[in-house]
Amino acid sequence: MSVVTIMMRKPLLVLAGVVGLLAGVPAHAQQAVEVQVSYSKGQFQPGELRAPADKPITLRVKNLDAKPMEFESKSLRVEKVVAANGEGVINVRALKPGRYEFYDDFNEKARGTLTVQ
Amino acid sequence: MHRQEVTQYRHRRATIAVAVTCLAGWGGVACAEDASTWRDIETKYIFGFTTGSGIGLEGEKEFTVDAIGRFGKRGGHYAASETKYEFEFTPSQFIQIEFGALGSTHHISGVTDLDDRRQFALGGAFAELRYLAIERTSSNPLAVTLAVEPTIRRIDETGGARVRNFELETTINADLELIRNRLFAGFNLLYEPEVTKLASGETQREAKFGGSAALAVRVAPNVVLGAEAWYLRHYDAANLTAFTGDAVMLGPTLYWAFTPKMFMTAAWNVQVWGREVGSPVSLNLAEFQHHRVKLKFAWEF
């Protein structure tokens, strides 16, 4: 590998590192914990989810209703429309301990919580 | 006290009275409701000219029209506006990106040091990168976002003349949830250097530095009322070495969500104190305006 090639690659590696840092991507990706929730008759089931702290989470949302729903959470900073009788997968960053609310943006009454410990 | 100063004093008292009345009156009404059943709120736009820490939701896209009007200079008639036609999106749970075009209007007559002008123009373009550095959790009420916004203009923001202007606004946007879902405090720290090449070939360098504090009360699930104060300093150098004047602005703020995907914000600031270096007059109307108004409409999709 020539000196010029190394010199050209160094800024790119630095840039990739900065972008990775900004995007919140850990240097060594952790195994995500999968959490499932169903949506039926306009309600989340179960309404209270649990997950471990400091580990990425894969939220699997199954919509059993005959109309679409939008899984949304301001504190989790995610939103996803899940088609009628469909399934949505949402990747959530590693979370600090706490209580995170979520809801169906199309249905004012459908709400749930994710407790991270 | 001169008649003009008396009028300015009355304006200041009226502005403060309106802000205090809004906060006290609506705060009392709001306390009668149970906010624990309300959904979380995005804090980015609830503080008026002060920007909250919110960066949106991953995958969310938004189109906004954000107009800022500036009124009142020393003597004559001064009315100018700059409108951002903006697209913003959140590609990750830590970053928000915005970009768009600028439209500007100038209606100036008889103002000291400015040419008379009546025009509308496409004034430039901008982009913004926001990074959430500290996130709020149920056990940490503080959230902090770092933002950098480069802007290019072909029309001078103040006077409306043809120029080449490059500005780099850098801000720290922090907010605190003082009462869950109900009461929020917002803080901004601003450093905004810019360089302008005039039609004559002359190059001007200047900078603004300052900060703000805001308080916002959520009086209903979709309505937030508040007040904010700004302190701004102006320099004729990007490295903050040639101080030319400063000003304090105060005013009320409003956030109103029409639907879960559509909202507006409004704010009005009036300069209540200011000074120009080497000038005995009250208020700094050379570098800042007497009044500024913000009106923003947003559609999420």
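**Ground rules**

I number residues from 1 along each chain as its sequence is written, letter chains from A and number ligands from 1 in the order in which they are written. Because the model is predicted, local features need pLDDT of at least 70 and side-chain atom pairs count only at pLDDT 80 or more, while totals for chains, interfaces and linings use all residues; side-chain values use heavy atoms, with hydrogens and water left out.

**Entry 1: chain B overall**

I started with the elements, taking helices (H or I, at least four residues) and strands (E, at least two) as DSSP runs numbered from the N terminus. Chain B has 1 helix and 12 strands. Reading from the N terminus, I find the order α-β-β-β-β-β-β-β-β-β-β-β-β.

Next I looked up burial, where buried means under 20% relative accessible area, exposed over 50%, and partly exposed in between (1.4 Å probe, protein chains only). Of the 301 residues of chain B, 50% count as buried. For contacts (heavy atoms within 4.5 Å) in chain B between residues at least 6 apart in sequence, I noted that 59% join residues at least 24 apart.

The accessible surface of chain B is about 13400 Å², and carbon and sulfur atoms hold 63% of that. Such areas come from the Shrake-Rupley method with a 1.4 Å probe; for residues, only the protein chains shown count as cover.

**Entry 2: a nonpolar patch on chain B**

Which residues form the nonpolar patch on the surface? I found B:Phe63, B:Tyr85, B:Trp256, B:Phe258, B:Leu295, B:Phe297, B:Trp299 and B:Phe301, with about 730 Å² of accessible area together. Patch residues have over 30% relative accessible area and no salt bridge; like charges are joined within 9 Å, and nonpolar side chains (Val, Leu, Ile, Met, Phe, Trp, Tyr) within 5 Å. A salt bridge here is a side-chain nitrogen of Lys or Arg within 4 Å of a carboxyl oxygen of Asp or Glu.

Both β10 (243-259) and β12 (291-300) of chain B supply at least two residues each. The largest share, 3 residues, comes from β12(B).

I then checked two neighbours in sequence. B:Phe63 sits in strand β1 (residues 61-71) of chain B and is partly exposed, at a relative accessible area of 33%. B:Thr64 lies in strand β1 of chain B too, but B:Thr64 is buried, at 0%. Leaving out residues up to four places away in sequence, B:Thr64 touches B:Lys84, B:Tyr85, B:Glu86, B:Glu88, B:Lys296, B:Phe297 and B:Ala298.

**Entry 3: strands of chain A**

Strands of a sheet pair through backbone hydrogen bonds, either parallel or antiparallel. I count two strands as paired if DSSP finds at least two bridges between them.

I found an open sheet of 4 strands in chain A, in the order β2-β1-β4-β7, with mixed pairing. Its edge strands, each pairing on one side only, are β2 (43-45) and β7 (87-92). Strand β1 (residues 33-40) and strand β4 (residues 57-63) of chain A pair in the parallel sense over 7 bridges, with A:Glu34 partnered by A:Thr58.

Is strand β8 (residues 98-104) of chain A enclosed or open? It is largely enclosed by the rest of the structure, because 6 of its 7 residues are buried. Strand β5 (residues 69-73) of chain A runs antiparallel to β8(A), joined by 2 bridges, and A:Phe71 stands opposite A:Asp104. With strand β9 (residues 107-116) of chain A, β8(A) pairs in the antiparallel sense over 7 bridges. There A:Phe102 faces A:Gly112, and 2 residues separate β8(A) and β9(A) in a hairpin.
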